[in-house]
Amino acid sequence: MSGTPDRLAILTEGWRRRVGAAVDHLRADGFAGRVGLILGSGLGNFVDAIEDAHAVEYGDIPGYATTTVAEHSGRLVRGTAGGVPVVVMQGRLHPYEGLPLDELLLPTAVLGGLGIEAAVITNAAGGLNRLYTPGDLMVIRDQIDMHLDDPLRGLLAEPFAAPPGAPGAEGAAAVLAEIGRSGGLPDLYDVKLAGSLVAAGGRAGVPVHTGTYASMPGPAYEAKAEIGMLRRIGCDAVGMSTAPETVLLRRLGVRTVGLSCITNPARETGQPQLSHQDVVEVGAMVRDRVAKLLLAFLESFSGGS
Ligand code: HPA
């Protein structure tokens, strides 16, 4: 198998083969990049900013399931944006579409297997923080994964081995030594990249918040009591994606940064019925600002951030 064998070596034999087959297929079609982007609901138009773009439908990639959600067109696009070679997932699978977590994470594993250094994971989210209004953007500082199903379950050959690139990546002992040294696990969301995204917002005239993202399984939007709970445990935004992808990419040794587009306030009382169409419409309203922000971020990445 070609690709990035060191990365995929952490997967079980079966997953290594499945992910490797897709990686090999895509590499033969010229897919490679320094930064991977996953575009959330309503944000897919970022692909218009990609130069020398080449796209394949998910259905034409070995092992990929296709998306069922409106506005998720389901294509993988490569090219250059902000001077950086990128691979972009235009559309993603969600847990609420009924697939098991490991199955829907295959495209994310492939993104890692293509050798990207960093991933920008975007989503549409409800605002829990009372200061947020629809159209606001939030750089994700950290997450609380309410799927209560570890996305890595069944994927890893050695579940407690240190991730690639970890200091002295020699298994559980190295991880424990690192925890002892630093007082905690390495950051899930890369602090430096999050800082670059905030700074890019400043340069591009696109202000952003920073906050904690709660990932719920969906497809039902949250009950009022759940919104109250998420607020009380410190979450600023709530959506139905991102957390499992981030855990997997981080484990594969990819630096990760997350961006939520606030499409609606999550209200404990009197929330009007929210539809997926509402979410997509606000996404469409802010997508030009998101594209500007992402380009400014990529420009700084090409400058060595
Ligand atoms: N809850 C969960 N997911 C979402 C929301 C929400 O309020 N808005 C957009 N995605």
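Student: At what angle do the axes of helix α6 and helix α9 cross, and within what distance do they come?

Tutor: Quick housekeeping: this is a predicted model, where local features need pLDDT of at least 70, side-chain atom pairs count only at pLDDT 80 or more, and totals for chains, interfaces and linings use all residues. Residues are numbered from 1 along each chain as its sequence is written, and side-chain values use heavy atoms, with hydrogens and water left out.

Now, the pair: the axes of α6 (residues 191–204) and α9 (residues 276–302) cross at roughly 120 degrees and come within 8 Å. Helices here are DSSP runs of H or I, at least four residues, numbered from the N terminus. Axes are lines fitted to C-alpha atoms over the stretch in contact, with angles from 0 to 180 degrees between N-to-C directions. α6 and α9 are therefore oblique to each other, since angles under 35 degrees count as roughly parallel, over 145 as roughly antiparallel, 65 to 115 as roughly perpendicular and the rest as oblique. The crossing of α6 past α9 is right-handed, i.e. the near helix is turned clockwise from the far one by less than a right angle.

As for who touches whom, α6 brings L193, S196, L197, A200, G201, R203 and A204, and these meet K292, L293, A296, F297, S300 and F301 of α9. Contact means heavy atoms within 4.5 Å. By type, the contact residues split into eight nonpolar, three polar and two charged; Ala, Val, Leu, Ile, Met, Phe, Trp, Tyr, Cys and Pro count as nonpolar, Asp, Glu, Lys and Arg as charged, and the others, Gly among them, as polar.

Technical notes
Helices (H or I, at least four residues) and strands (E, at least two) are DSSP runs, numbered from the N terminus.
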